Structures are given as structure tokens and as C-alpha cells.
Amino acid sequence: MRIIAGESKGRPIESVKGMHTRPTSDRVKESIFNIIQFQVADALVLDLFAGTGNLGLEALSRGSRKAVFVEKEPSAIKVLRKNCVNLGYLHKSTILSMDVLKAIKKLSCNGERFDIVFMDPPYEKGLEEPVLRALSQEKLVADTGVVIVEHRTRDIQPETIEELRKVDTRIYGNTSVSFYKRG
């Protein structure tokens, strides 16, 4: 894995050994960032199920102001922290080592609002809908923000959840990416 654009272009991102994380491929990552390219600069980013931080670090490289990474797997947290240090983004990063739904509550209590929310939950766990619902209920998505959900192509995502509405889905073989906005 590597950063594909921005100030850290071409720099490697370490991965976690084993099968606990499923990194977003460069092809899918590049497509996501082409779609949201005008929203990335100076954005506040939330990277849920962050793994090694692949998506949030890419956003920081492209000019995002701050990224909050949420990951509960200890081995992934260790690699994520190392990636933040190696790329020089630790000062722009907050790493929450906890369950995603608990992190959403915590961030809401702190009054956080995010311009971009990346969500790449483990497949076959049914986490997309409850997490989207929590993001909406806790009002973590800024008025003009976007939630980007990576999922298996065969797992159809809901058209609306609370105040979040699906505005686009892109298919990349077995992986799909759905985009949600408020309203």
C-alpha cells in the first residue's frame, strides 16, 4: 500500500500481518478521491474501521486539516500509529482505540462534525446500517459532508437512513462504494 497523491505521494503505508484487516485497493482509493477531490482540502475527516489508516492518511496527504481514526484491533492500532509517525501526520491525527459506535457517541459529546466520513467495516457483520444510523442520530456529518461506505457489491445498502440519503454507488468488481449525504 502507498499514498497515491498529495504531499506524501508514493510513500509506503505499512499493513497489518494476517487477515484481520482488508485494505482498500489503490484502484478503489483513487476512484473515491477522484469523486470527492473538491471536498478534501481543509476537511475534517473521520476514518471508521480505520485499519492501517489508508483512507484518512490519503486525505491528510491531499490537504485535509485533521483526521480522527477509529480502530479497536490492537495490531492495527500499532501499525496505524506507526504510519501516522512515518508520514509526519501524528500532529494532525487523533487515534481512538475503541468500538466504532462508542467512538461516535464520544465524538458527538465533544461536538465534533466531519466533512468526510470513511467507513470500511468488516464484511458480513451487518455493521453498515447501524453505523450510518448512529452517524445520523449523533449529527456527526457536517451539512455539506459526505459518508463513504465501502462494502461488498452483493450487499445492497439502504437508500436512506434517518437524514442520510444515498446519492451514488460505484462498483469495482466485488467491492462497491456508496456515498451518502445529509438531506
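I call a residue buried when its relative accessible area is under 20%, exposed when over 50%, and partly exposed in between, using a 1.4 Å probe and protein chains only. This is a predicted model, so I kept in mind that local features need pLDDT of at least 70 and side-chain atom pairs count only at pLDDT 80 or more, while totals for chains, interfaces and linings use all residues. Residues are numbered from 1 along each chain as its sequence is written, and side-chain values use heavy atoms, with hydrogens and water left out.

Entry on salt bridges. I take a salt bridge as a side-chain nitrogen of Lys or Arg within 4 Å of a carboxyl oxygen of Asp or Glu, and I find 17 of them in the structure. Lysine 105 and glutamate 138 pair at 2.9 Å, N to O; glutamate 138 is buried at a relative accessible area of 17%, whereas lysine 105 is partly exposed at 49%.

I also looked up aspartate 155 and arginine 152, whose side chains meet at 2.9 Å, N to O, and both of these residues are buried. A network of salt bridges links Glu124, Arg152, Arg154 and Asp155.

Arginine 182 forms a salt bridge with glutamate 163, with the closest N and O atoms 2.9 Å apart. Arginine 182 is partly exposed at 26%, and glutamate 163 is partly exposed at 23%.

Entry on the backbone. I noted a positive phi of about 65° at aspartate 42, although it is not a glycine, and one of about 55° at glutamate 162, also not a glycine. Aspartate 42 is partly exposed at 46% relative accessibility, and glutamate 162 is partly exposed at 45%.
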